[in-house]
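Please read them with the structure open.

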Amino acid sequence: MSLAMTLGMTIGVRKTLWMMLGEIIGVALVAILAVIGIASMMLQYPKVFLIFKWLGGLYLLYLGIQLYFTKVQISSESHSFSNIPAKHLLISKGFVTAVGNPKGWAFMITLLPPFLDIEKALVPQMSVLVILIMLSELVCMLIYANGGKALSRLLNKGDKAQWINRIGGSLLVFVGIWLAIA
């Protein structure tokens, strides 16, 4: 989301769509690999899966607390690019960002299991989940890219960015606790 917002502010939403394409492909790959790994672990090693579920919940709790207490300062500087990256570079930047993001893996591995039923066919469930994830990723990136410049001006006034971090951090803490006890 940060990359979409930054690129939206610097090169425009239209050109940022190329990065979004790579990001969505990468997120789909991460989701598919996470689901395959989760399903395999759930069937073969349910106790190990339970340990990973608790670790994932604790990790989300940690991220939420860290986000809650992070000091924020949004820069309102405008960046100018004299040389806008080529389409294939933007696509690969988005893909690498998605696949190389450990938080993305942690979210997929910890948040997808409650939506899987190991008694039913995995492929239809995975297809629905991946499509929903891809659509929500696209919508969120479009929102961030479109609102980046306006948000940077608005958030620099007072401590509004800090409140957004606190709300986001609190939500992560809630999800981490929910995951651990679900």
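1. Surface. The chain has an accessible surface of about 11200 Å², and 71% of that belongs to carbon and sulfur atoms. Accessible areas come from the Shrake-Rupley method with a 1.4 Å probe; for residues, only the protein chains shown count as cover.

2. Ground rules. This is a predicted model, in which local features need pLDDT of at least 70 and side-chain atom pairs count only at pLDDT 80 or more, while totals for chains, interfaces and linings use all residues. Residues are numbered from 1 along each chain as its sequence is written, and side-chain values use heavy atoms, with hydrogens and water left out.

3. Confidence. pLDDT is the predictor's confidence in each residue, from 0 to 100. Its mean over the chain is 77, and 73% of the residues reach 70 or more. Among the elements, helix 4 (residues 87-99) has the highest mean, 87. Helix 7 (residues 160-181) has the lowest, 72. Residues 74-82 have pLDDT below 50, and this stretch has 10 contacts in the model beyond near neighbours in sequence. Where pLDDT is low, the predicted coordinates should not be read in detail.

4. Architecture. The chain has 7 helices and 0 strands. Helices (H or I, at least four residues) and strands (E, at least two) are DSSP runs, numbered from the N terminus. From that terminus the elements run α-α-α-α-α-α-α. Of the 182 residues, 32% are buried. Buried means under 20% relative accessible area, exposed over 50%, and partly exposed in between (1.4 Å probe, protein chains only). A contact means heavy atoms within 4.5 Å. Of the contacts with a separation of 6 or more, 87% join residues 24 or more positions apart.

5. Helix 4, faces. L90, G94 and A98 are buried. Seen down the axis, the buried residues of helix 4 fall within an arc of 65 degrees, so they line one face. The arc is that of the directions from the helix axis to the C-beta atoms. H88 and V96 are exposed on the other side.

6. T97. This residue also lies in helix 4. T97 counts as partly exposed because its relative accessibility is 31%. Its side chain reaches the backbone oxygen of K93 at 2.6 Å. That is a polar contact (a pair of N or O atoms within 3.5 Å; within protein, one must be able to donate a hydrogen and the other to accept it, and residues adjacent in sequence count only if both atoms are side-chain atoms). Leaving aside neighbours within four places in sequence, T97 contacts L3 and E23. T97 and G22 are 75 residues apart in sequence, yet 8.7 Å apart C-alpha to C-alpha.

7. T16. Helix 2 (residues 13-44) holds T16. T16 is buried because its relative accessible area is 0%. Beyond four places in sequence, its contacts are A4, L7, G8, I11 and A145.

8. G64. Which residues does G64 contact beyond its neighbours within four places in sequence? They are G169, L172 and V173. G64 sits in helix 3 (residues 46-69). With 0% relative accessibility, G64 is buried. The C-alpha atoms of G64 and L172 are separated by 4.5 Å, at 108 residues apart along the chain.
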